[in-house]
Amino acid sequence: MILRSRFLDARRKRRNFSKQATEVLNEYFYSHLSNPYPSEEAKEELAKQCGITVSQVSNWFGNKRIRYKKNIGKFQEEANLYAMKTALGARQGDDSPHTPNSTGSGSFSLSGSADLFLGVPPVNGEQSTYQIGHAG
């Protein structure tokens with residue numbers, strides 16, 4: 001009986017995704033914040049990029065949406081980080097798959113996620129120093 005429970009515990013040991021995989025998933029999540037529900041095709045592509053299964057991608061997004069909604073203030077800083085990264089990539093003409101709306105002409109779009117920055121109180125009462133806009 002003891003051997004069997006040890007075997008089951010070892011088999012189901014929890015492991016985190018690689019830092020690169022988490023980065024890819026977070027970039028997608030925050031760039032699609034207005035609708036953080038990837039299509040089946042997007043899930044397949046993300047799974048390929050991250051080296052995980054489609055089921056794991058689905059579970060990650062489900063968990064991320066729940067955690068984000070429960071503690072939106074905590075995630076504001078993380079969202080700002082990814083928004084700035086996307087904006088900088090677009091301004092530098094980076095046409096990587098993580099900046100799908102990049103044109104290389106200095107303009108960028110966050111796929112409708114700019115509404116994240118409207119009406120969300122700053123963390124710890126601090127003034128927000130991030131400015132998201134459209135370079136024209």
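This is a predicted model: local features need pLDDT of at least 70, side-chain atom pairs count only at pLDDT 80 or more; totals for chains, interfaces and linings use all residues.
So, helix α3, residues 40-50: its buried residues are Ala42, Lys43, Leu46, Ala47 and Cys50. Buried here is under 20% relative accessible area, exposed is over 50%, and partly exposed is in between, with a 1.4 Å probe and protein chains only. Helices are DSSP runs of H or I, at least four residues, numbered from the N terminus.

Residues are numbered from 1 along each chain as its sequence is written, and side-chain values use heavy atoms, with hydrogens and water left out.

What covers that buried side? α2 (19-31) and α4 (54-70) are included, contact being heavy atoms within 4.5 Å.

Now, salt bridges, meaning a side-chain nitrogen of Lys or Arg within 4 Å of a carboxyl oxygen of Asp or Glu. The count is four. One of them pairs Lys43 with Glu40, at 3.3 Å, N to O. Lys43 is buried at 14%, while Glu40 is partly exposed at 46%.

Then there's a network linking Glu23, Glu27 and Lys85. Lys85 meets Glu23 at 2.2 Å, N to O. Lys85 is in helix α5 and Glu23 in helix α2, so this pair ties together parts 62 residues apart in sequence. Lys85 also meets Glu27, at 3.7 Å, N to O.

Terms used: Helices (H or I, at least four residues) and strands (E, at least two) are DSSP runs, numbered from the N terminus.
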